[in-house]
Amino acid sequence: MEERKTFTISIYSENSVGLLNRISGIFLKRHINIESLNVSGSEIEDVMRFIIVVNTTETWVRNIVGQINKQVDVINTYYHDDEQTIFLETALFKIASHLLFDERQIQNIIKESHSDIVTVARDFFVISKSGRRDEIEELYSKLRPYGIMQFVRSGRVSVSKSEMHISAMLRAFQNETV
Amino acid sequence: MMDVKTIKKEQSKTGTKVRITGAEAVIHCLLAEGVDTIYGYPGGAIMPVYDELYKFQDKLHHVLTRHEQGATHAAQGYARVSGRVGVAIATSGPGATNLVTGIADAQIDSTPLVCITGQVARHLLGSDAFQETDIIGISTPVTKWNYQITKASEIPEIMAKAFYIARSGRPGPVLVDITKNAQFEEFDFEYSKCTAVRSYNPVPKIDTEKLQQAADLINSAKKPFIIWGQGIILGKAEEELKAFVEKTGIPAAWTILGASALSSSHPLNVGMVGMHGNYGPNLLTNECDLLIALGMRFDDRVTGDLSTYARQAKVIHFEIDPAEINKNVHADVPVLGNVKDALEQILPLLKENKHESWHEVFKAKYAIEFDQVIKNDLYPEKEGLTMGEVIESINEASKHEAVIVSDVGQHQMIACRYAKFNTSKSNITSGGLGTMGFALPASIGAKMGAPEREVVAIIGDGGYQMTIQELGTIFQTKVPVKIVVLNNEFLGMVRQWQQLFFDKRYASTEMTNPDFVTIAKGYHIPAVRVTKREDLKGAVEEMIASEGPYFLEVMVEKEDNVFPMVPTGASVSDVRLS
């Protein structure tokens, strides 16, 4: 059996309605769970970037990337393993304000985790933590005994170490005479 | 609205804009794309377009099918015989959902279609309005591209893009959903054809290094074997295939959808691969030293068990769709690009060869298959009629010149195995999806797409009843298709599997059928039933000679099986002759 790994799939696409549905359908067909998904603008105007994290074999990720790539509105798709990318996630923790004073240890946890205090209100305060999944999970496990009012973690955002040459592809399209 | 920078268009010929409604614009777009025939069914949300069709009936022939599924299959039949884009049109809600089977069929068989659906007005979208359905969401997994138009001004650009995407690269179905307000709105119309889409690369450039590597492998192979698929037909590469095969002398077999690209009588054509393909081509797939795949996708019905498929051979894969490379079978040398250009470019690099002793191996296998299977199918000595002898009678009466449109099941496999073709684009069948009910409506489209050709639909008694209402379309349009129902009073292929793999437990496969001849006569279609061998030849000749539509029912042996057979999941080496 081929080894399963975490892969980050990067999709550059046109900004079109329904493309997310088209892409997620490719994972659905193969019964692959999407571990995380992030959609945002990219370094190129009007070009969207999807970051999709999956845990599967390289054979499957290659097939999936091929099938994503052939969608008309997709400009190009790449996949990388964790070694080939710089990536992080962001989490928000909402915690009752009185804990800051009742549980002195919390201040140390926040300081040691290099997280930021986003806001402080009378009843609650919010801290954000960016980093790798295990760092966020560690902070979560440390805060949990004191009570977390709300917790949320974003999808992975990632940039690749190697170039992806999208701008060159788009320039070539502009320059080609048809 | 789409950014204009993302597509390229032809220079507008007129350069002038006219103020018309969205509905009229749809008709002008179709005419500008050279469409002469469309298949559809009217309804509330598409009525403005139908109102315009009424005005343009001298320029655009609308065929009223009796069900929207029939419209898509007819459009597929039209596209497959003509190489042009088929067009189907329907209303919102059930009209749109009834198109889905045909769209899925076109997607898996790479058939260029543009389907137009009406949609509720923009202000009603998402409100569960009458006959509202999310056809964009529903059709997404089975379309090459789809788009919902909500304002009239989008119509020209989206329609141009739809036709371009449907027919370019690996063809496929495109669905354009148009809200009713967009059909009513007036706007300044101007049309120019789409020539490129920046996020879409339909035809990859051929890598000459790969061509050289492929040529080296071909020139040094001792037992090379070609399997060609529909890519040859879609890529209009029939002549290049012939030249390639004749120069190299390599035995060449075909997938079901590739049938007819090379004449059946060509000495290097060794037959069909796959589950019910010929004995030699299946068996020798696992003995060749080089497998050359031309415009085919290694469907599981072709390969059987992948872990034992052609493991001894190097594989060269000529393919237009990069997603097919290494999807099922590893390609030692992938040659991406248009197969017509690739074959033309590789030809000068190839050495002439005959591979005579290798051909003898194929001939020996054919002799075994002839003795154990073919002889009994085509020239039976038993009392009951076989499907094979019916196909053989049609071959003789039509002089191998007919377009054969088959449905799905035993009769389809028999038709594909035994029908003889002189001309390309002559085997129209539902390959990938296996859609029962395909043939009757597809034959209507096929005859309209190639009016000069004889079109014979071969259908089982099961599939016939799935779209039997299209007899109404045939009666109304008088389209002269010849319909042959091979009636074994069973869902034959399922029954065969029940016999072989489920200890003859014939669960829901026996059919109590109506009087098909009476039904055909109810539609004023001449109809004949044959039950005896001595009547077969004359009846088939009479059918072929008839000017108008004709129905022929042949009562065949109830429990005949189709062989050879590669059971599901078995290796092609384990192809069974009985």
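How are H1(A) and H2(A) oriented to each other?

## Two helices in chain A

In this predicted model, helix H1 of chain A spans residues 19–29 and helix H2 of chain A spans residues 58–69, and their axes come within 10 Å and cross at roughly 150°. An angle over 145 degrees counts as roughly antiparallel, and H1(A) and H2(A) are therefore roughly antiparallel to each other.

The crossing of H1(A) and H2(A) is right-handed. On the side of H1(A), the residues that take part are A:Ile23, A:Ile26 and A:Phe27, and they meet A:Ile64, A:Gln67 and A:Ile68 of H2(A). Sorted by class, this contact has five nonpolar residues, one polar residue and no charged residues.

## Two helices in chain B

In chain B, helix H11 (residues 238–248) and helix H14 (residues 339–346) have axes that come within 9 Å and cross at roughly 30°, and the crossing of H11(B) and H14(B) is left-handed. H11(B) contributes B:Glu240, B:Leu241 and B:Phe244 to the contact, while H14(B) contributes B:Lys340, B:Leu343 and B:Glu344. The contact of H11(B) with H14(B) has three nonpolar and three charged residues, with no polar ones.

## Where the chains touch

The contact between the chains takes 19 residues from chain A and 20 residues from chain B. On the side of chain B that touches chain A, the elements giving two or more residues are helix H6 (135–139) and strand E10 (194–197) of chain B, and the largest share, three residues, comes from E10(B). The residues on this side of chain B divide into nine nonpolar, five polar and six charged.

Note on methods
Residues are numbered from 1 along each chain as its sequence is written. Chains are lettered from A and ligands numbered from 1 in the order in which they are written. This is a predicted model: local features need pLDDT of at least 70, side-chain atom pairs count only at pLDDT 80 or more; totals for chains, interfaces and linings use all residues. Axes are lines fitted to C-alpha atoms, for helices over the stretch in contact, and angles run from 0 to 180 degrees between N-to-C directions. Helices (H or I, at least four residues) and strands (E, at least two) are DSSP runs, numbered from the N terminus. A crossing is left-handed if the near helix is turned anticlockwise from the far one by less than a right angle, and right-handed if clockwise. Two residues are in contact if their C-beta atoms, placed from the backbone, lie within 7 Å. Ala, Val, Leu, Ile, Met, Phe, Trp, Tyr, Cys and Pro count as nonpolar, Asp, Glu, Lys and Arg as charged, and the others, Gly among them, as polar. Angles under 35 degrees count as roughly parallel, over 145 as roughly antiparallel, 65 to 115 as roughly perpendicular and the rest as oblique.
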